[in-house]
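Me: Could you take a close look at one part of this structure for me? I'd like a connected walk through it, please.

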Amino acid sequence: MERLTELEHEPARALAAEYMHEADILLGRLPRPVARHYRREVELRVIDALNGGRNASAETVARALDLVGPPGYYLPSEIGGQAARQAARTLNPRRVVEALRYGAMSGPGTAAAVSVLGLLYVAAAFAIIAGIARLISPDAAGVYQLANGAYVLGLGGNYPEARDVLGILFVPLSWAFGAGLYMALTQLLPVLIRERSRRR
């Protein structure tokens, strides 16, 4: 049997179709070629659990689906884990977003880690944007020393009386910080977002 639609008994086909519909919902945000790949992986997993038997009854299909587990159990972590590895290799922001999105769906522990990572990615983006803003306008951003000796990161010219500590050096330093943080976080992604075992 190559496709679940080849199951001979209608109740068995209905169970399989319902299972695949659950997978389709989870895969809906992915690009179509990627979604088709994962959908086929899910289908082959079920066929393998059925030992390729076309004449499987509804009860046999139900047992096989229970053995494989619901798509929501393994698909998010599998997609997130693979996206995390691709992101670490390529530094592609799209893969980063994909890894964070599906990693957050993998379970409470991973979701908490993803939340922290998301905040750190925002900090990296903020640093790069602040450097661009400073390049456009000298008053847009910088590191300032106040009259009391304290140092602050100022935005939008909020500290007109303070001393600009870094001057134009703020631009390359903020870019270096943002890019370095982005690269470090992306290399960390495969460690925090990993695939679950395929069977419960």
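Reply: Happy to! Let's start with Leu169, which sits in the loop between β3 (163-164) and α7. Do keep in mind that this is a predicted model. Leu169 is one of the residues that make a nonpolar surface patch of about 780 Å². Two elements, α6 and α7 (170-192), each give two or more residues to the patch. Of the contributors, α6 gives the most, with 4 residues.

Helix α6 covers residues 108-136, and its axis comes within 9 Å of the axis of helix α5 (residues 93-103), the two crossing at roughly 145°. The crossing of α5 past α6 is left-handed. On the α5 side, the contact is made by Val96, Leu100 and Gly103. Facing them from α6 are Thr110, Ala111, Val114, Leu117 and Tyr121.

For charged pairs, we can turn to another part of the model. The structure holds 9 salt bridges, and one of these links Glu10 with Arg13, whose closest N and O atoms are 2.5 Å apart. Glu10 and Arg13 are separated by about one helical turn because they are 3 residues apart in helix α1 (residues 10-27).

Methods:
Residues numbered from 1 in each chain as written. Predicted model: local features only at pLDDT ≥ 70, side-chain atom pairs only at ≥ 80, totals over all residues. Heavy atoms only, no water. Axes fitted to C-alpha atoms, helices over the stretch in contact; angles between N-to-C directions. Left-handed = near helix turned anticlockwise from the far one by under 90°. Contact = heavy atoms within 4.5 Å. Patch = residues over 30% accessible without salt bridge, like charges linked within 9 Å, V, L, I, M, F, W, Y side chains within 5 Å. Areas by Shrake-Rupley, 256 points an atom, 1.4 Å probe, with all protein chains shown as cover. Salt bridge = Lys/Arg side-chain N within 4 Å of Asp/Glu carboxyl O.
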